[in-house]
Number of protein chains: 4
Amino acid sequence: MIVEMRRGAIQEEIDGVVQRAKSLGLDVQLNLGTEKTVIAILGSNTGQLPIDIFAVLPGVESVTRIMKPYKLASREFKPADSLVSIDGIEIGGKRIIIMAGPCAVETKEQLAEAARVVKESGASILRGGAFKPRTSPFSFQGLEKAGRELLAQVRKQYGIPVVTEVVDPHDVDLVAESADILQVGSRNMQNFALLTTVGKSRRPVILKRGFSCTVTEWLTAADYVLAGGNDQVILCERGIRTFEDSARFSLDVSSIPVIKNFSHLPIIVDPSHAAGHYSLVPALAKAAVAAGADGLLIEVHPNPKEALVDGLQSLTPSDFSTLMKELRAVAKSVGRYI
Amino acid sequence: MIVEMRRGAIQEEIDGVVQRAKSLGLDVQLNLGTEKTVIAILGSNTGQLPIDIFAVLPGVESVTRIMKPYKLASREFKPADSLVSIDGIEIGGKRIIIMAGPCAVETKEQLAEAARVVKESGASILRGGAFKPRTSPFSFQGLEKAGRELLAQVRKQYGIPVVTEVVDPHDVDLVAESADILQVGSRNMQNFALLTTVGKSRRPVILKRGFSCTVTEWLTAADYVLAGGNDQVILCERGIRTFEDSARFSLDVSSIPVIKNFSHLPIIVDPSHAAGHYSLVPALAKAAVAAGADGLLIEVHPNPKEALVDGLQSLTPSDFSTLMKELRAVAKSVGRYI
Amino acid sequence: MIVEMRRGAIQEEIDGVVQRAKSLGLDVQLNLGTEKTVIAILGSNTGQLPIDIFAVLPGVESVTRIMKPYKLASREFKPADSLVSIDGIEIGGKRIIIMAGPCAVETKEQLAEAARVVKESGASILRGGAFKPRTSPFSFQGLEKAGRELLAQVRKQYGIPVVTEVVDPHDVDLVAESADILQVGSRNMQNFALLTTVGKSRRPVILKRGFSCTVTEWLTAADYVLAGGNDQVILCERGIRTFEDSARFSLDVSSIPVIKNFSHLPIIVDPSHAAGHYSLVPALAKAAVAAGADGLLIEVHPNPKEALVDGLQSLTPSDFSTLMKELRAVAKSVGRYI
Amino acid sequence: MIVEMRRGAIQEEIDGVVQRAKSLGLDVQLNLGTEKTVIAILGSNTGQLPIDIFAVLPGVESVTRIMKPYKLASREFKPADSLVSIDGIEIGGKRIIIMAGPCAVETKEQLAEAARVVKESGASILRGGAFKPRTSPFSFQGLEKAGRELLAQVRKQYGIPVVTEVVDPHDVDLVAESADILQVGSRNMQNFALLTTVGKSRRPVILKRGFSCTVTEWLTAADYVLAGGNDQVILCERGIRTFEDSARFSLDVSSIPVIKNFSHLPIIVDPSHAAGHYSLVPALAKAAVAAGADGLLIEVHPNPKEALVDGLQSLTPSDFSTLMKELRAVAKSVGRYI
């Protein structure tokens, strides 16, 4: 950490900073500039210390963090790429993994038809929500228990792994019974009670980025899951909130190379929630693959016009099948395959 | 809702929209412009319908919502101001209510000293966190059970009502035993499992605004609590995330008159979390009162330099006492009192 | 436009809105809902009317625009894709056009070497700035006149068209003498005096998106140039300002399909200014091509370590050459070529 | 500046950074941590150096600026508050200065009536635009020359100083003839050609904050004007662009104490453009005064319903008169007067 003292800070104030650093077992190097004193505070755990510890001291102008606040998710901690394995399907390797399906589980027929389409088009994993966090209490909230049972049935019948969202820490074990991957949604990225609980699960976890969280906060949230002992974490970029309103969220495509640079964890992209409209999904999906994403999470519905949730951003089976062909070409152009 | 058809939309597509509206029991009025057809869909519940229901239909260009998606929190639903009452202290009336105290409960001495200072300066309610949601798993997470017990003791000893945060839906009843007001934090504003549970509690609830949620989403989240039967909801503006980084968050001061216009619920302001630095707190606190806030939630710590959490944004007892005097003058200038 | 009256608006207020609409030659259709009156205002020019005209009237709650405020740039106005032609190079067709070169013209050797590299790698157009708008008055501001002369020399010597920025309306004619394409920078997207002047020029114009302007404002700014009679407008996405700071700006990749949907104008992407760091440029460049961009504007410098401006985001000749090969593969995968 | 080397950076790379710093006449202090080398680069002008100079060197992970990039506008450069004086009216002192009037000059009658109202209510300076930068080329662009003449007439007749906007560098002298204060609008905050020209003028300048510019960029833009020799600069906060859309822009009220901390320049607030709606203006105006603003710039129109520009955000004479009374009370409560 770099502590910049105010111009005119007195010796006693400088000493105060130095003493606090030493009391925490940290090294200190003083830079006595002509105008200002700058104090470098050195140590391997400074990333995990709150900057307030120094910023609150008398005579301090500002404190700048040099080390990142996340640790276990960082590439410095683990230089090699992590692979997450589900039923022999590896995420984070040369193959790009496509997960697809409806936003919400609605009926047996709907889910089975989705599973058929998804499998036929060459996707590997079925998605479907049993618990739906909705902005308004008056909207459809998911089938809950019945939804989980349908997922379990279809997963068995079609032999396809399943990803579904978990929203309450106390449901984690239950949901883990009928799903191969647990999804933590965007609005729960900083629900630390939930993160701690999925960290104790044996199931791989998709950690969606909070729509207003920085990459740094996202990797620090991943630290919660990793610190619990669960190292099967998949990051998922799904668009951030900005001033632009022509899409529902702005897909932060540069987060893909940034994550690859700073972290060993695989990253997938959800173009459907970013777009908010089916017509934008193919362009975003292709951009994500070209930029280096390890997988995609795409909404597909047998009949979007009748969908109970998010029909507008769901692809039809036919559009999805076309997109899969296009994605295969783009994957090949960047040296990967689907 | 206003459905704008694409230029060149055919009769069958227009009929599709009309039929869907009628199947939902809604009225329809067609505007056959020279260039485009625009369909107005009328009915008292259109605010609670997702726009996807129409946007997904063939030939539709865009759908614009006219009615707001929230209902119970709206001033249209309840024109008169709501008052929330805690031990005879009314929030939402002419008196501006000050809640103050440390971010986290640390020790008996710290909390008792804070209570003394807060009471002596004329504030009405003590704040203090027993569960602290922290960005990093390696940071101090609060005293939890021991913290709740300290709150209960100090509340009894000083005869001062207490507000504390609840983070897990399964802790609501427990926390309600030792606190007079339940706080839902910014990162949990869209934790719908938690909102539903506090909606069933008898305790008043402070609903902090998600730092990237719109006023509309905030009032829709309030609908979750109100729909559960708990009408003692206090909104709390605490800064939004923007590109500007000279303060930790940007206090959205205009949300105060906006909320007063669209909702009957009282609104308080937390200048400490918005500022992130003690030196900015007084200006923001005074601005909030001048703009019409019904109360303030301010961090005060007997010794900010030793605080375990958020020391940088905490006022010292002496600075808090000075600020209270200034706030009394500003309150008087806008026809209110503290 | 849709005018929503306040609940309880009286007949006189409704009449006021109707009369104002009629006085402007517009048609009106009244929707007398059970709770509110909604007035649809119809006419082909409502997009160009400010909403204030109605919003300011007594009894009005809100006014929603249905028609877009831009006109000449819209696909409704001109359904077929526009092609911009420079010396036989067509932008907006099947071929993806690469423009590359240094941020600022520094010396004859630097510019000539850049031209050689750019041409050898298969790019079509040389970029280089003579006037550099810099955040601080103490930074290098460009060679100005000498820079323009160097551009003219190198353009002739290497037979490569040149794009350069113009910052002052009174320089447009001068700059047009030594450049084939005029660039309007991000900070000038709403410099209407400049837009009006380049609208009168015969040179094609690259209109960079203001880093905090919406797609709608961008197309409305294009209307300024088009309204002046210059229909050779190329849009350029270069990243928007958001809360995320791991890249200098957030590339709004979804603006590409959005522009293709709403406008007939070609769109190119500047991955260098969005990234701010050379290591992120290749991923963003490939994403842009995969998403449908008609071209790229890339910073390349013979020796980035010695660059006077923006060295950090410049590719070396060798990295640029590698990227060009990768881009050819991605272009082919989406049915285009470079 | 603090240069953080990559883990594993070799000696040659470290030497490269040190040599570049020395070649620029800067001092260097090496911090050889156990995991990383961090190099502090010291010197009084490091704030004005681009970070790219070091960030581009091999082995560098990141560069952090400690010194601010602005200089002349900083409180470190000039510790005492600056006062700007217009016809004996001092801005930046204990008195809060109110500037008011219509957005655009429309007719002699309108401007004269506005001047009368403004003066009668106790405001000191008349505002009115002759050149109106408008988002769409099809909107009213101001009376231009005729507008300037009307301003000159009314200013003389009512003996009230006048502020008006200048948009083209070549108009500065002309506009300075009929106006006492030159306004640089939000969209021109980084129009460096214009800043340079007003820096050479003798007229005081109101520099409006770019709606997506940071406080740091704003003060660096002020450096352009100050560097030209014009030290009569007044900063004006007018709302920033965020995701929130219940007001036109989000007034960044915390920028007021931040500016007071980092700069010696006076700061005023424009609540009208931030709000976008007359009903929000009073709350924002009062908040600005309570937070420490040195003045306000408020839109008032004799008849907002007939205004050609921005009628929705203009106060009527009667509402303005009421607001002035309220503002006097708030000013008094914070130890100032109007």
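Trainee: Over how many bridges do strand β9 and strand β10 of chain D pair?
Mentor: This is a predicted model: local features need pLDDT of at least 70, side-chain atom pairs count only at pLDDT 80 or more, and totals for chains, interfaces and linings use all residues. Residues are numbered from 1 along each chain as its sequence is written, chains are lettered from A and ligands numbered from 1 in the order written, and side-chain values use heavy atoms, leaving out hydrogens and water. Strands (E, at least two residues) and helices (H or I, at least four) are DSSP runs numbered from the N terminus, and strands pair if DSSP finds at least two bridges between them. In chain D, β9 (residues 162-165) and β10 (residues 181-184) pair in the parallel sense, over three bridges.

Trainee: Which residue of β10(D) stands opposite D:Val163?
Mentor: Look at the pairing of β9 with β10 in chain D. Opposite D:Val163 stands D:Ile181.

Trainee: In what order do eight strands of chain D close into a barrel?
Mentor: The pairing is parallel. The twist averages 25° from one strand to the next. The order is β7-β8-β9-β10-β11-β12-β13-β14.

Trainee: At what angle do helix α3 and helix α4 of chain C pack?
Mentor: Axes are lines fitted to C-alpha atoms, for helices over the stretch in contact, and angles run from 0 to 180 degrees between N-to-C directions. The axes of α3 (residues 108-120) and α4 (residues 145-158) of chain C lie 10 Å apart, and the angle is about 35°.

Trainee: Which residues of α4(C) meet α3(C)?
Mentor: Contact means heavy atoms within 4.5 Å. From α3(C) come C:Lys108, C:Leu111, C:Ala112, C:Ala115, C:Arg116 and C:Lys119. From α4(C) come C:Leu150, C:Leu151, C:Gln153, C:Val154, C:Gln157 and C:Tyr158.

Trainee: How much area do chain A and chain B bury between them?
Mentor: The contact takes 46 residues from chain A and 46 residues from chain B. In chain A, A:Val56, A:Phe138 and A:Lys305 lose the most area to chain B, together 15% of what that side buries. Buried area is the accessible area (1.4 Å probe) lost when two parts are put together, summed over both. Here 56% is on carbon and sulfur atoms, and the area is about 3,900 Å².
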